[in-house]
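Subject: Structure for your review

Dear colleague,

Please find below the sequence and structure that I am handing over to you. A summary of what was found follows.

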Amino acid sequence: MDTGLKDKKAIVLAASKGLGKAAAQSLAAEGCHLAICARNEEQLNKTADQFKASGVDVFASAVDVANPGALKQFMEQSIERLGGVDILVTNAGGPPVKSFEETNEEEWRYWYEVTFMTVVRSIKSVLPLLKKQNWGRIINITSISVKAPVERLIYSNALRLAVVGLAKTLSIELGPFNITVNNVAPGYHLTDGLERIVKKRMEAGETREDIFAAWENKIPMRRIGQPGDLAGLIVFLASEQAGYITGATIQVDGGLYPGTL
Ligand SMILES: NC(=O)c1ccc[n+]([C@@H]2O[C@H](COP(=O)([O-])OP(=O)(O)OC[C@H]3O[C@@H](n4cnc5c(N)ncnc54)[C@H](OP(=O)(O)O)[C@@H]3O)[C@@H](O)[C@H]2O)c1
């Protein structure tokens, strides 16, 4: 299938590891030129070098997406270095494992910034260009928590729903400009981010084997996802073929979400 992605320009936030990296890698494999960021410069540069091996242009900058000024500058530099933008994949680190009573005002504000405002701000940065060229793809990496709350992930369960509401509203506003806006909702995928959740639960007394066995038993496909499982959907949503899919929130969870719709 020719995805039509060769020489398209994609900005992928938080992409030195995990799901963001897999998304960027799969877009690079389709011939997309990339702008990527993450906080740790050494890891980011290693990842950028891997992508460059696919023969695409890569602009990488060490940026904390929670910092509005730094994010704005990164978006502007990305557009300048790539010579435009066609695709935006929003992503950031995931909130910590907490129950409601463990939360506090300061963390609510921080995770609101990271989970929601980075999406708002990065979309604002690309919108004038996408509208002007009458073509664009915006894909937000959220979580299966937008379909069903995940135990003790209160910040994710609450704040990511704002991203879903934003994307659906934008899909209506931006459809006339041939811009699609969709969310992908990953279930359990093996990344450093997931390992942090495992570690937290092990500190509370569970064994690694029990944690994974419990997840795998609940997942109809009987396995934890690999980052590439999610990336395949992101590439498809970015492709020409997905031009009539917008305002959707699609889970990639091995069948974990129990609802019919
Ligand atoms: N893996 C899963 O099973 C799963 C399931 C559902 C939802 N999710 C969500 O998907 C997102 C990605 O998860 P993941 O598992 O891929 O995480 P990960 O393995 O921890 O990777 C996160 C990536 O984002 C970068 N990053 C984190 N915070 C950042 C910030 N403030 N500014 C810039 N870059 C930042 C990290 O690099 P630096 O640390 O160097 O910045 C790294 O490249 C998270 O929001 C997570 O909650 C994951």
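Helices, in what follows, are DSSP runs of H or I with at least four residues, numbered from the N terminus. By that rule Leu161 belongs to helix 5. Please note that this is a predicted model.

**The chain as a whole**

The secondary structure amounts to eight helices and seven strands. The radius of gyration is 18 Å, close to the 18 Å that the globule rule gives for 261 residues, so the chain is as compact as a globular protein of that length. Its C-alpha trace spans about 50 × 40 × 35 Å along the principal axes.

Buried residues make up 49% of the 261 in the chain.

**Helix 1**

Helix 1 covers residues 18-29, which is twelve residues. From its first C-alpha to its last it reaches 17 Å, close to the 16 Å expected at 1.5 Å a residue. Its buried residues are Leu19, Gly20, Lys21, Ala22, Ala23, Ala24, Leu27 and Ala28. Just after the helix, Gly31 adopts a positive phi of about 100 degrees.

Helix 5 runs over residues 154-174 and contains Ser156. Is Ser156 buried or exposed? With a relative accessibility of 2%, Ser156 counts as buried, because the cut-off for that class is under 20% relative accessible area. Beyond its neighbours within four places in sequence, Ser156 is in contact with Pro95, Ser143 and Ser145.

Leu161, also a residue of helix 5, is partly exposed at 42% relative accessibility. Leu161 and Phe116 are 45 residues apart along the chain, and their C-alpha atoms are separated by 9.1 Å.

Val146 sits in the loop that connects strand 5 (136-141) to helix 5. Its relative accessibility is 14%, and Val146 therefore counts as buried. Which residues does Val146 touch, not counting those up to four places away in sequence? They are Arg160, Leu161, Val164, Ala185 and Thr249. By contrast, Val146 and Ala28 have 28 Å between their C-alpha atoms, at a separation of 118 residues along the chain.

**The segment after strand 7**

Asp253 is located in the segment after strand 7 (249-252). Asp253 is buried, its relative accessible area being 10%. Setting aside neighbours within four places in sequence, its contacts are Ile144, Gly187 and Ile219. Asp253 lies 31 Å from Asn67, C-alpha to C-alpha, and the two are 186 residues apart in sequence.

Glu206 is placed in the loop between helix 6 (192-203) and helix 7 (208-218). Its relative accessibility of 32% makes Glu206 partly exposed. Apart from residues up to four places away in sequence, Glu206 touches Arg201 and Ile211.

Asp7, in the segment before strand 1 (9-12), has a phi near 70 degrees, which is a positive value in a residue other than glycine. Asp7 is partly exposed, with 44% relative accessible area. Asn178 lies in the loop between helix 5 and strand 6 (179-186). Although Asn178 is not a glycine, its phi is positive, at about 60 degrees. With a relative accessible area of 32%, Asn178 is likewise partly exposed.

Yours sincerely

Note on methods. Residues numbered from 1 in each chain as written. Predicted model: local features only at pLDDT ≥ 70, side-chain atom pairs only at ≥ 80, totals over all residues. Heavy atoms only, no water. Helix = DSSP H or I, 4+ residues; strand = E, 2+ residues; numbered from the N terminus. Rg over C-alpha atoms; globule rule 2.2 N^0.38 Å. Buried < 20%, exposed > 50% of the residue type's maximum accessible area, 1.4 Å probe, protein only. Expected span 1.5 Å × (residues − 1). Contact = heavy atoms within 4.5 Å.
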